[in-house]
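Me: I have a structure open and would like to learn how to read it. Could you take me through it feature by feature?

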Amino acid sequence: MNDVTEPGRAWVFGDDIDTDQIIPSRFLVSSDPAELGEHAFQDLRPEFSETVAEGEFVVAGENFGSGSSREHAPLALVGAGVDAVVAESFARIFFRNCINLGLPVLICAGASQIDDGDDVSLHLDDGTVTNHERGETYDAEPLPQFLQDLVDQGGLKPYTEAKLASRRE
């Protein structure tokens, strides 16, 4: 992902969205991102998986991704085509699972100012979120460089493979 994203639709969720709301447990029989993406937020917002498009963002309140430590929830978001997740705060294991899968995440106190359907863009290097509907920019916490490197490589596995390959050369 580039430093600055193209504007995309914000799918706004509230506080305390847990991993079972992101991907209901009855769909945890697969670890295929595309299959999981077909069921993302199925019980909370049934229209999500049918209408979300690549380049769009999940925006949430506090404690997004609490619950299970399984990677299925961020995999479902990746499979649905979500470009990044912006929230006021994250459950720590969900946050790290996103990084490990190459899904950008930003902690942004101003996330509550974003309305469902607003066009937003992310500036990952400096940690800002621009709400094009309101003409406002909100400060977020940029990822430390080593975590941004993981995201840029597509996650922990590709990052590690690239590091090992460079050592063999």
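Me: Let me start with a detail: which residue of E6 does His 123 stand opposite?

Reply: His 123 faces Thr 128 in E6. Strands here are DSSP runs of E with at least two residues, helices are runs of H or I with at least four, and both are numbered from the N terminus. Two strands count as paired if DSSP finds at least two bridges between them. Strands E5 (residues 119-123) and E6 (residues 128-131) run antiparallel and are joined by four bridges.

Me: Before we go on, what should I know about the model itself?

Reply: It is a predicted model, where local features need pLDDT of at least 70 and side-chain atom pairs count only at pLDDT 80 or more, while totals for chains, interfaces and linings use all residues. Residues are numbered from 1 along each chain as its sequence is written, and side-chain values use heavy atoms, with hydrogens and water left out.

Me: How many residues lie between E5 and E6 in their hairpin?

Reply: Four, and Gly 127 in that turn has a positive phi of about 70°. E6 also forms a hairpin with E7, again with four residues between the strands, and there Gly 135 in the turn has a positive phi of about 70°. E6 and E7 (residues 136-141) are antiparallel and share four bridges; Asn 131 stands opposite Glu 136.

Me: Are the faces of E6 covered or open?

Reply: "Buried" means under 20% relative accessible area, "exposed" over 50%, and "partly exposed" in between (1.4 Å probe, protein chains only). Both faces of E6 are covered: Thr 128 and Thr 130 are buried on one side, Val 129 and Asn 131 on the other.

Me: What do the strands build together, and in which order?

Reply: Seven strands close into a barrel with mixed pairing, in the order E1-E2-E3-E4-E7-E6-E5. Neighbouring strands of this sheet are turned by 40° against each other on average, direction ignored. Along the sequence, the chain reads β-α-α-α-β-α-β-α-β-β-β-β-α-α, with seven helices and seven strands.

Me: How do I read a nonpolar core?

Reply: In soluble globular proteins, nonpolar side chains tend to be buried together. A core here is a set of buried Ala, Val, Leu, Ile, Met, Phe, Trp, Tyr and Cys residues joined through side-chain atoms within 4.5 Å. The largest one has 36 residues, and Phe 41, Phe 48, Phe 64 and Leu 77 touch the most other members. Elements giving two or more residues to this core include strand E2 (56-60), helix H4 (72-80) and helix H5 (92-101). H4 gives the most, with five residues. Apart from this core lies another, of 15 residues, among them Phe 57 and Tyr 138.

Me: Which residues does Phe 48 touch?

Reply: A contact means heavy atoms within 4.5 Å. Leaving out residues up to four places away in sequence, Phe 48 touches Trp 11, Phe 13, Ala 40, Phe 41, Val 58, Ala 80 and Val 82.

Me: Which residues of H5 are buried, and what covers them?

Reply: Phe 94, Phe 95, Asn 97, Cys 98, Ile 99 and Asn 100 are the buried ones. Their cover includes helix H1 (19-22), H4, E4, H6 and helix H7 (156-168). After H5 comes Gly 102, with a positive phi near 85°.

Me: And what of the chain as a whole?

Reply: Of its 169 residues, 49% count as buried. Its C-alpha trace spans about 50 × 40 × 25 Å along the principal axes.

Terms used. Axes are lines fitted to C-alpha atoms, for helices over the stretch in contact, and angles run from 0 to 180 degrees between N-to-C directions.
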